[in-house]
Amino acid sequence: MASVNEWIVREYFESIGFLVRQPRKYQVPSRSSKQLEEEVDLLVLNPASGQADTPEINVWGTQTLRSVSRAIVGVRGWHTERFSPAVLRQAPEVYRFASDDVVGSIRDELGDGPVASILCLSELPASKALQDDTMAALKEGGIDGVLLYPNMLMELIQHVEVNKNYDNSDLLQLLRILKNYNLFKDGQLELFAKGRRR
């Protein structure tokens, strides 16, 4: 399932103009822990951005990402639960990819300038207080920004054109087909049902 999550994130970054590379990951049965560079899921580079400072931690969207010149990305597609401070305390590996050692090990590949640490999550807690606590814990763990899967998928759905064929991307092709048959709900609440009489 991890590859599907990375696939969505990769397509999202590429759709907004980023260059994306996935570091090679080795699965060696005799080795118990990952090497530093294997902690990072994706490396992204924005050729259209200058050497801008990393934006403040928040849930980032497309506009915020356009100001990011280079980043390391951690993909955590646990789609059945929300990321609360309690979940983060139980799973400290969530932000291991953002440690200074890991960033130092891949800095040569991304070039000079600030490197943002972006974490892709399913959802944040519903309450504002728990969201603030979660964001504070993420910042303490070295995370600069958060991307949420619902936002990325909505952006991809809007990006996909029904009349265009996406032969090079199975994901975009699938979204195009679903969009063609009106299988996505509208983003806004409909006050009046179509064809309804008073």
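This is a short chat about the predicted model shown above.

Student: What should I know before reading numbers off this?
Tutor: It is a predicted model: local features need pLDDT of at least 70, side-chain atom pairs count only at pLDDT 80 or more, and totals for chains, interfaces and linings use all residues. Residues are numbered from 1 along each chain as its sequence is written, and side-chain values use heavy atoms, with hydrogens and water left out.

Student: OK. How many helices and strands are in the protein?
Tutor: Seven helices and five strands. Helices (H or I, at least four residues) and strands (E, at least two) are DSSP runs, numbered from the N terminus. The order from the N terminus is α-β-β-α-β-α-α-β-α-β-α-α.

Student: And what share of the residues is buried?
Tutor: 39% of the 198 residues. Buried means under 20% relative accessible area, exposed over 50%, and partly exposed in between (1.4 Å probe, protein chains only).

Student: Which way do the residues of β5 point?
Tutor: Gly145 and Leu147 point one way, Val146 and Leu148 the other. All of them are buried. In a regular strand the side chains alternate between the two faces of the sheet.

Student: In which sense do β4 and β5 pair?
Tutor: Parallel, over four bridges. Two strands pair if DSSP finds at least two bridges between them. Leucine 119 stands opposite valine 146 in β5. From β4 the chain crosses through helix α5 (residues 128-140) to β5, in a right-handed β-α-β crossover. Right-handed here means that, with the strands pointing away from the viewer, the path from the first strand over the helix to the second runs clockwise.

Student: Switching topic. How many salt bridges are there?
Tutor: Six. The rule is a side-chain nitrogen of Lys or Arg within 4 Å of a carboxyl oxygen of Asp or Glu.

Student: What does arginine 76 bridge to?
Tutor: Aspartate 41, with the closest N and O atoms 3.0 Å apart. The pair links distant parts of the chain, 35 residues apart. Arginine 76 is in the loop between β3 and α3, and aspartate 41 in the loop between β1 and β2.

Student: Is that pair buried or exposed?
Tutor: Arginine 76 counts as buried because its relative accessibility is 12%. Aspartate 41 is buried too, at 4%.

Student: What about lysine 128: which residue is its partner?
Tutor: Aspartate 132, at 2.9 Å between the closest N and O atoms. Both lie in helix α5, four residues apart, about one turn of the helix. Lysine 128 is exposed at 56%, whereas aspartate 132 is partly exposed at 40%.
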